[in-house]
Amino acid sequence: MTGRTHDLAAISALLAIFIYEPLIEISLSTLFLALLFNQIGGILPDIDQPTAPFWRNLPVGKLIGKIIDKSLLGGHRFLTHSLLGAVIFGGLFYFGLLFLKSAILSINVGIIWISFMVGVLSHLLLDSFTKEGIPLLLPITKKIGFPFNKQLRITTGKSVEYLVVIPVIIFIDIFLISSNYSYITHFFKYYII
Ligand SMILES: [Zn+2]
């Protein structure tokens, strides 16, 4: 899937969790960092791609992307597109957050960590619907996807992604927001501290 579809899926998955697991209260800095790292988590698995949005935005990103792609991560859709990769990302990010917590005391490490992981896992889920599949169960290298029949899966960047996947996600978002509108407005009014 393309970067924009992953951005949308990451924030939509977070919205769904926010609605079905209501929060008591949240600090403004936690909310900001949760949204930021949700979006970073949503595109992070594609750091193994030299052309990924993650690298494109850095001055020497293309070069770094190429080196990392070949030597460290085993090429596109390898370690970073597996459950093992998600565990490694999650562990590293958790330690990073503990460090951040010592600088910004008001942040809720748990909420930010979950938001980040929701982004990462939404990426894996979405990529599993594509023709290439993902090596979800590394070290078992076989790429798997849903549905199991490859022919029924989506080709990245083609019309099905733009005409079906994105509109379906937007439709679910509109449904979730409209059917929980009073909860959402109440939350933003009273529970952000
Ligand atoms: Zn990907």
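Colleague: Which helix is Thr30 found in?

Modeller: Thr30 is found in helix H2; helices here are DSSP runs of H or I with at least four residues, numbered from the N terminus. Residues are numbered from 1 along each chain as its sequence is written. This is a predicted model, where local features need pLDDT of at least 70, side-chain atom pairs count only at pLDDT 80 or more, and totals for chains, interfaces and linings use all residues.

Colleague: Why does Thr30 count as buried?

Modeller: A residue is buried if 20 or more other C-beta atoms, placed from the backbone, lie within 10 Å of its own, exposed if 12 or fewer, and partly exposed in between. Thr30 has 22 C-beta neighbours inside 10 Å, so Thr30 counts as buried.

Colleague: Which residues have the most contacts inside the largest nonpolar core?

Modeller: A nonpolar core is a set of buried Ala, Val, Leu, Ile, Met, Phe, Trp, Tyr and Cys residues joined through C-beta atoms within 7 Å. The largest one has 24 residues, and Ile112 and Val120 have the most contacts inside it. Helices H1 (3–20), H2 (28–43), H5 (83–103) and H6 (109–127) each give two or more residues to this core. Not counting residues up to four places away in sequence, Ile112 touches Thr30, Leu33, Ala34, Phe37, Leu97 and Ile107.

Colleague: How do I read two packed helices?

Modeller: They are described by the angle between their axes and the distance between the axes. Axes are lines fitted to C-alpha atoms, for helices over the stretch in contact, and angles run from 0 to 180 degrees between N-to-C directions. H1 and helix H7 (residues 159–179) pack at about 25 degrees, with axes 10 Å apart. Angles under 35 degrees count as roughly parallel, over 145 as roughly antiparallel, 65 to 115 as roughly perpendicular and the rest as oblique. H1 and H7 are therefore roughly parallel to each other.

Colleague: What about H1 and H6?

Modeller: Their axes come within 8 Å and cross at roughly 125 degrees, so H1 and H6 are oblique to each other. Among the residues that meet there are Ala9 and Ala13 in H1, and Val118 and Gly119 in H6.

Notes: Two residues are in contact if their C-beta atoms, placed from the backbone, lie within 7 Å.
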